[in-house]
Amino acid sequence: METRQDTRIESLIKAEIRQFGPMDIGRFMTLSLMHYYGTRDPLGSGGDFTTAPEISQLFGEMIGLALADTWMRAGSPEAHLAELGPGRGTLMSDILRATKNVPGFHAALSIHMVETSQTLTRRQKDLLKDYPHVVWHEDTASLPDDRPMMIVANEFFDALPIRQAIMTKAGWQERVVGLDENGALIFGTASIPAALMPQSPAGVNTIIEFSPARDQVFTALCQRVQTQGGCMLLIDYGHDVENATGDTLQAVYKHTHTPVLNLVGEADLTSHVDFRRLKDLAREAGCQVHGTRTQADFLQTLGIMTRLEQLERKNPGCDLRAGVARLVDAQQMGQLFRVLGVSGNQFSSLPGL
Ligand code: SAH
């Protein structure tokens with residue numbers, strides 16, 4: 001049988017389990033992803049996964065025009081534009097390029113990038129070196145609160161840790177990561193904290209996901225846009241249904257799904273975003289909710305096909321159609337990815353939603 005050397009992070013996780021007992025999935029994701037994002041650029045064909053801004057420049061261009069429109073309707077105020085988890089910086093770079101001729105837009109903005117990975121921060125700094133007024137943050141907590149803030153996040157919330165409740169014959173338990181008799185990582189169950197206990201009845205083996213980390217970041221940002229003004233545009237894969245169930249935790253390595261407990265810290269870990277939950281939290285924070293809509297509907301309503309045809313006329317032979325098709329095709333990213341808009345004070349309309 002093939003034996004595999006534990007990665008350093010896997011050894012640390014096992015040591016923590018030996019000392020303190022099985023860990024919840026949120027802790028497992030936090031430790032694995034800290035290592036994963038801290039040690040590589042995971043994007044693109046040589047990495048593990050590819051995202052919409054890396055597939056087509058039109059993704060960022062459409063979002064840029066939507067944000068500029070929203071900003072103008074809000075009265076063109078001095079504002080902050082923040083991106084969460086900006087990867088290589090491509091989305092922000094496309095947003096800024098597409099909006100450079102919008103009168104007063106760039107002059108009114110200061111740009112904020114929230115990124116924990118040093119590797120990706122370096123790439124972002126390089127790509128945005130021609131823009132003044134860009135500030136990097138390791139955490140959303142240090143984002144400024146003195147002006148309205150427009151926030152955009154593509155595939156950020158899916159990377160935040162989740163926890164799982166599972167219905168067993170003995171009732172609800174929490175799904176955890178422990179060690180088997182050979183010292184390998186294995187899923188198990190443990191008693192569930194009261195705060196995570198689902199209220200609904202369910203059949204044995206039903207899994208319900210929670211993300212206290214996601215809820216906390218999202219709620220704090222909703223409160224920000226509600227008090228200081230602004231809006232949020234989130235694009236991610238996920239669902240917008242009542243009482244969603246099921247295990248959506250997944251690991252991806254070199255563009256292929258792999259079992260979650262293999263390749264610890266070497267594969268990307270994500271889960272589907274529970275948009276219905278986020279919508280409820282946004283309303284509780286006093287914000288207006290727009291959407292969700294599918295990525296295909298959103299981009300098509302913003303006119304991505306017209307923009308594509310314009311570019312093709314201007315640059316015959318340009319190679320943009322396949323990328324746009326990937327973003328909007330129902331079989332590819334068009335239906336799985338959803339877009340949620342949240343608006344607070346002063347910002348009320350969000351085009352495309
Ligand atoms: N938005 C980019 C990259 C998505 S990958 C794109 O669409 O291409 C997820 C991004 O979130 C990476 O930049 C990763 O480093 C960052 N990230 C993950 N967890 C984070 C956290 N807790 N705080 C800030 N950034 C985080």
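Reader: Which residues lie nearest the centre of the second largest pocket?

Author: Happy to look with you, keeping in mind that this is a predicted model. The lining of the second largest pocket has 28 residues. Those nearest its centre are Ile208, Glu209, Asn243, Ala244 and Asp274.

Reader: Which element gives the most to the lining of the second largest pocket?

Author: Let's start with the elements that give two or more residues to this lining: strand S9 (207-210), H8 and helix H9 (275-284). With four residues, the one that gives the most is H9.

Reader: How many charged residues does the lining of the second largest pocket have?

Author: Good thing to check. The pocket has a volume of about 610 Å³. Its lining has 11 nonpolar and nine polar residues. The charged residues number eight.

Reader: Now for the largest pocket: where does the largest share of its lining come from?

Author: This pocket holds about 900 Å³ of space. Two or more lining residues come from each of helix H2 (25-38), helix H3 (52-55), helix H5 (90-98), helix H8 (212-228) and strand S13 (268-270). The largest share is five residues, and it comes from H2.

Reader: How many residues in the lining of the largest pocket are nonpolar?

Author: In total, 41 residues line the largest pocket. Of these, 13 are polar and nine are charged. The nonpolar group numbers 19.

Reader: And which residues lie nearest the centre of the largest pocket?

Author: Here is a set to pick out on your screen. From the 41 lining residues, those nearest the centre are Tyr37, Thr116, Phe156, Ala159 and Leu160.

Notes. Residues are numbered from 1 along each chain as its sequence is written. This is a predicted model: local features need pLDDT of at least 70, side-chain atom pairs count only at pLDDT 80 or more; totals for chains, interfaces and linings use all residues. Side-chain values use heavy atoms; hydrogens and water are left out. On a 1 Å grid over the protein atoms alone, a cavity is a set of points where a 1.4 Å probe fits but cannot get out, and a pocket is an open set with protein on both sides within 12 Å along at least five of seven lines; lining residues have an atom within 4 Å of a point. Grid points are joined across faces, edges and corners, and a volume is the space filled by probe spheres set on the points. Ala, Val, Leu, Ile, Met, Phe, Trp, Tyr, Cys and Pro count as nonpolar, Asp, Glu, Lys and Arg as charged, and the others, Gly among them, as polar.
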